[in-house]
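Subject: Structure handover

Hello,

Please find the structure below. My notes on it follow.

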Amino acid sequence: MTQSTSPLPADLPAGLPTARLGTDGPLVGVQGLGCMGMSEFYGPTDTTEALATLEAALAAGVTLFDTADIYGSGHNEELIGPFVRAHRDQVVLATKFAIERRADDPHYRAIRNDPGYIHSAVDASLRRLGVEVIDLYYMHRRDPQVPLAESVGAMAELVQAGKVRHLGLSEVTGAELREAHAVHPIAAVQQEWSLFSRDVEQSVVGAAAELGVGFVPYSPLGRGFLTGAFASATELAEDDFRRHQPRFSGDNAAANAALIAPIQRIAAERGVTAAQVALAWVHQRAAVHGLTVVPIPGTRKRSRLAENTAAATLLLDAAELAALEPLAAEVAGTRYPDMAFTATARE
């Protein structure tokens, strides 16, 4: 399956080509918007600018807006809810369940895939968002202790009840995607995929291509590191969670910062930004692997949004792609301090 370059329907804004997530899933702009940083994890946020960025994204042709119940412990769903409701016929709303938090313990995290939790989680998300149906509902993380058929079966019940239109999975292996898809069609898989993170190519990318499942890369800019915006976690705000990620600390950060040189060289030669080169590489995975790819770079600023969407139609040539090919294998440090709940740990 390859990207569609057909014009958007009359009720959608112009600006981006479109792609369909899954065989019968939603038609979206080929680049979405990750909304997580508008509520948490990346330091202080200007709410007024963040909300203006949502409007600017829609005007630019972005129609897939991604949130989760964990982001700000529900705050992010509440934040984007009015925007979604104001543009309900244009917005494709994606949210997620599975990571449980506790108000009395900011460090507590648990993975919940049991059917009872799934049913309560979707009701809570619908209430916070103020909508009647979620367009794309992801299992955020996989708990191997719960049979996948039970979890996906419960998610399928949400579709039957009219609470959810399409199902998605995040951080799964190729085998898990095939197993889930046999229970109910999966429209999209969301996993980290960038010039620095290519472990998804081990099995799930091939499975998605085989099954006609769309791929939604999160952190396609390496959480900002590939843009050159920072070279070490010490440059970030005290409450920025990237301070705790191995790739951005100590010797790892220094080694990884040196890897960005080819990206910056190509950007300079093309008269574009490093972010645009990194995003263009992700977009071109669609042609390389024969599947739909809709990355969701997160931003809270209109200026960055314009920069990111411009990358959707930037094509890198063979020599440029060859220069970028070795980077991922040379990256120092893991994606998370604890990789136990990632697909990589179960491959």
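I start with alanine 110, which sits in strand β7 (residues 105-111). Helices (H or I, at least four residues) and strands (E, at least two) are DSSP runs, numbered from the N terminus. Alanine 110 counts as buried because its relative accessibility is 16%; buried means under 20% relative accessible area, exposed over 50%, and partly exposed in between (1.4 Å probe, protein chains only). Apart from neighbours within four places in sequence, alanine 110 is in contact with Ala98, Ile99 and Glu100, where contact means heavy atoms within 4.5 Å.

Residues are numbered from 1 along each chain as its sequence is written, and side-chain values use heavy atoms, with hydrogens and water left out.

Confidence comes next. pLDDT is the predictor's confidence in each residue, from 0 to 100. The protein chain averages 91, and 93% of the residues score at least 70. Over residues 1-13 pLDDT stays under 50, and the model has 36 contacts beyond four places in sequence for them. Where pLDDT is low, the predicted coordinates should not be read in detail.

Two backbone entries may be of use. Most residues other than glycine have a negative phi. Alanine 98, not a glycine, has a positive phi of about 125°. Alanine 98 lies in the loop between β5 and β6 (99-102) and is buried, with a relative accessible area of 0%. Arginine 223 also has a positive phi, of about 55°. Arginine 223 is placed in the loop between β11 (214-218) and α7 and is buried at 8% relative accessible area.

Now the helix pair. The axes of α2 (residues 75-86) and α3 (residues 115-129) come within 7 Å and cross at roughly 60°. That makes α2 oblique to α3. Axes are lines fitted to C-alpha atoms, for helices over the stretch in contact, and angles run from 0 to 180 degrees between N-to-C directions. Angles under 35 degrees count as roughly parallel, over 145 as roughly antiparallel, 65 to 115 as roughly perpendicular and the rest as oblique. Glu77, Glu78, Ile80, Gly81 and Arg85 of α2 make the contact with Ser125, Arg128 and Leu129 of α3. The buried residues of α2 pack against α1 (47-59), β4 (64-66), β5 (92-97) and α3; among them are Leu79, Phe83 and Val84.

In helix α7 (residues 250-259), the buried residues are Ala253, Asn256 and Leu259. They cover an arc of only 115° around the axis, which puts them on the same side of α7; the arc is that of the directions from the helix axis to the C-beta atoms. Their cover includes α8 (261-270) and α13 (327-330). The face turned away from the buried side carries the exposed residues Gly250, Asp251, Ala254 and Ala258. Of these, alanine 254 has 54% relative accessibility, and its C-alpha lies 9.3 Å from that of alanine 332, 78 residues apart in sequence.

Lastly, glutamate 176 lies in helix α5 (residues 174-183) and counts as buried at 10% relative accessibility. Beyond its neighbours within four places in sequence, glutamate 176 is in contact with Arg142, Leu148, Glu171 and Arg346.

Regards

Notes: This is a predicted model: local features need pLDDT of at least 70, side-chain atom pairs count only at pLDDT 80 or more; totals for chains, interfaces and linings use all residues.
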